[in-house]
Amino acid sequence: MATNEGKLFEEDFQKSAAKSSEKIFFTRIKDTFIPPDLRNRIRVTKNDFDCMMFARNHLFTIELKSTKQKSISFDESVIKQHQIDKLAEANTYEGVISGFIMNFREPENKVYFIHIEDFLKYQNIAQNQIKEHTYRSKVNKSSIPLAICEEIGIEIKGVKPKTRWKYRLIDFIAEAIKNKKTEV
């Protein structure tokens with residue numbers, strides 16, 4: 001069992017798919033662990049994203065992010081450019097919905113799906129400091145804040161009966177399909 005908060009979130013998300021009232025295929029792409037003393041000598045392939053989910057004739061390619069902060073950094077150590085590129089590429093296929101699922105653990109465990117197109121649009125405005133935009137919340141040049149996720153994302157509701165979270169994925173899937181974007 002994981003002890004890292006981000007890994008616990010990934011486990012809870014996967015278990016929510018398995019226990020859903022509707023059939024959801026879910027697979028996590030495992031990260032390869034390389035001991036620190038070997039990391040400089042071994043080349044390892046990079047995962048395109050964290051997981052894939054199939055439901056209602058749609059494939060979801062998803063990168064999961066979890067933080068106790070009020071924003072998620074654009075820094076390469078947090079959101080890798082190859083992941084953004086692969087999510088954008090996958091999104092160009094019919095029946096594929098790609099994006100980030102962002103978990104803000106504090107203070108209330110808020111979870112949002114940010115479609116890759118919406119993420120790229122926000123990132124472009126933020127990093128290029130484009131003054132003309134329609135966001136009500138403050139645009140942060142180096143991260144995507146919770147307030148922006150609330151504006152542009154689909155909230156994924158969750159309950160915590162005892163110790164672990166269970167997410168209502170069927171509602172999220174229905175809304176993501178209804179709001180499906182077609183091309184990057």
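Guide: The mean positions of the 32 positive and 26 negative charges lie 4 Å apart. This is a predicted model: local features need pLDDT of at least 70, side-chain atom pairs count only at pLDDT 80 or more, and totals for chains, interfaces and linings use all residues. Residues are numbered from 1 along each chain as its sequence is written, and side-chain values use heavy atoms, without hydrogens and water.

Visitor: What makes a charge positive or negative here?

Guide: Lys and Arg count as positive, Asp and Glu as negative; His and the chain ends are not counted. Each charge is placed at NZ of Lys, CZ of Arg, CG of Asp or CD of Glu.

Visitor: How do you know whether the radius of gyration agrees with a compact globule?

Guide: Take the C-alpha atoms; the globule rule is 2.2 Å times the number of residues to the power 0.38. For 184 residues that gives a value near 16 Å, and the protein has 16 Å, so the two agree.

Visitor: Why is Lys110 called partly exposed?

Guide: Buried means under 20% relative accessible area, exposed over 50%, and partly exposed in between (1.4 Å probe, protein chains only). Lys110 has 22% relative accessibility, so Lys110 counts as partly exposed. Across the protein, 43% of the 184 residues count as buried.

Visitor: Which residues does Lys110 contact, leaving aside neighbours within four places in sequence?

Guide: Contact means heavy atoms within 4.5 Å. Lys110 touches Met102, Asn103, Phe104, Leu146, Glu150 and Glu155.
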